Amino acid sequence: MPGPAPLRVLIVDDSPDDAELTELALHDAGMDVECRRAYGEAGLADLLREFRPQLVLSDVNLPGFSGAQAMAMARTALPDVPVVFLTGSAIGVPGEELPVGDALVFKDELTLLPDIVRRLMAA
């Protein structure tokens, strides 16, 4: 009898290296995840519709697009899906406040991500 299906995680990040590190943080913590990556708005719309993630991990700052916009798209398509923001800095975009999702993790503290994901998925 097969076990539970892996957690479907959508990573939205313009940096393939950062997206890979995010995915590795989950795998290294022993989490059973299936990750897909979106690098912009078009890819995000397609994956929300086709992959139907159970969790969205989004960079705050994306060229020509923002984490807040990614969260709005995710919440429109899948209202109950948690959104966790990832950022390399506390500054964000000058003149804009950091968006408020279900959690915020600094990219240099990705070891905290698995526990945050477990807590959100248990809620």
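I began with the fold and counted four helices and seven strands in the chain, taking helices (H or I, at least four residues) and strands (E, at least two) as DSSP runs numbered from the N terminus. Read along the sequence, their order is β-α-β-α-β-β-β-α-β-β-α.

I noted that this is a predicted model, in which local features need pLDDT of at least 70 and side-chain atom pairs count only at pLDDT 80 or more, while totals for chains, interfaces and linings use all residues. Residues are numbered from 1 along each chain as its sequence is written, and side-chain values use heavy atoms, with hydrogens and water left out.

I then looked up the confidence, pLDDT (the predictor's confidence in each residue, from 0 to 100), and found a chain mean of 89, with 89% of the residues reaching 70 or more. Strand E1 (residues 7–12) has the highest confidence, at 97, and strand E4 (residues 61–62) the lowest, at a mean of 84.

Next I checked burial (under 20% relative accessible area, with a 1.4 Å probe and protein chains only), and 43% of the 123 residues count as buried.

Last, I turned to helix H2 (residues 41–50) and helix H3 (residues 67–77), whose axes, lines fitted to C-alpha atoms over the stretch in contact, come within 10 Å and cross at roughly 20°. H2 and H3 are therefore roughly parallel to each other, a label for angles under 35 degrees. In contact terms (heavy atoms within 4.5 Å), Glu41, Leu44, Ala45 and Leu48 of H2 meet Ala70, Met73, Ala74 and Ala77 of H3.

Notes. Buried means under 20% relative accessible area, exposed over 50%, partly exposed in between (1.4 Å probe, protein chains only). Axes are lines fitted to C-alpha atoms, for helices over the stretch in contact, and angles run from 0 to 180 degrees between N-to-C directions. Angles under 35 degrees count as roughly parallel, over 145 as roughly antiparallel, 65 to 115 as roughly perpendicular and the rest as oblique.
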